[in-house]
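Welcome, and thanks for taking a look. Please keep the model open beside you as you read.

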Amino acid sequence: TVRKLVMASKEVKAELKAAREAIRREEYKDALKHCKIVLKLDKDNYNALLFVGKCASEMNEFDQARFAFQKAIEVDESASSAWQGLAVLLEKKEKNEEFQVELLNTYDKLAKLNENDLTKWIEFKTKQGFLYKRLKRINEAVECWDCLASKDGPNRLKWTKLVAVELNKK
């Protein structure tokens, strides 16, 4: 009934607020308890999934964090918070080849989501370019940096120099 929905909505809001406060205090286990209550009421609650990802990441529970961020992305693919959480998580495991392609794809998605915010777009394209270089995928790295040079007009020379310097490194 409508009354049950209203009560559930109020409970969800209260539990999310409690989870947010617990995260602020770095009490991640406590925050997870509040998130689980929310997810029992609404298994696709984006904020609860995001908070679970954050808490699990902080507790070094990689698989749980990854699953939560991926589930949040399924709920709302166009919201960048879950993508950013996933990127931060994958950056912790960047040396593991298994996650490098996923990280490249995550940077690409974040760049696309932030096309209207030049600063963020540059941040993600730069990270993507350097990761391509570390993976010895030089053509893709150069493509990234050329893209940066063409979009970031005032800094075109900086990006052109970067390409030259990076290509001369062994």
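The report below covers salt bridges, one serine and the cysteines.

## About the model

This is a predicted model, in which local features need pLDDT of at least 70 and side-chain atom pairs count only at pLDDT 80 or more, while totals for chains, interfaces and linings use all residues. Residues are numbered from 1 along each chain as its sequence is written, and side-chain values use heavy atoms, with hydrogens and water left out.

## Salt bridges

Let's begin with the charged side chains. The structure holds 13 salt bridges (a side-chain nitrogen of Lys or Arg within 4 Å of a carboxyl oxygen of Asp or Glu). Asp44 takes part in one with Lys43, where the closest N and O atoms are 3.6 Å apart. Lys43 is exposed, at 59% relative accessible area, whereas Asp44 is partly exposed, at 31% (buried means under 20% relative accessible area, exposed over 50%, and partly exposed in between, with a 1.4 Å probe and protein chains only).

Asp44 also pairs with Lys71, with 3.1 Å between the closest N and O atoms. Helices here are DSSP runs (H or I, at least four residues), numbered from the N terminus.

Lys109 and Glu77 form another salt bridge, at 3.4 Å from N to O. Because Lys109 lies in helix 6 (residues 97-113) and Glu77 in the loop between helix 4 and helix 5 (80-92), the pair links parts that are 32 residues apart in sequence. Lys109 is partly exposed, with 23% relative accessibility, and Glu77 is partly exposed too, with 46%.

## A buried serine

Next, have a look at Ser57, which lies in helix 3. Ser57 is buried, at 8% relative accessibility. Leaving aside residues up to four places away in sequence, Ser57 touches Ala65, Leu89 and Lys92 (contact means heavy atoms within 4.5 Å).

How many disulfides does the structure hold? The count is 0, with a disulfide taken as a pair of cysteine sulfur atoms within 2.5 Å. For Cys55, the closest cysteine sulfur belongs to Cys35, and at 5.6 Å it is too far for a bond. Cys55 is buried, with a relative accessible area of 0%.

Cys147 is in no disulfide either, its nearest cysteine sulfur being that of Cys144, 6.9 Å away. Cys147 is partly exposed, at 28% relative accessible area.

Conventions:
Helix = DSSP H or I, 4+ residues; strand = E, 2+ residues; numbered from the N terminus.
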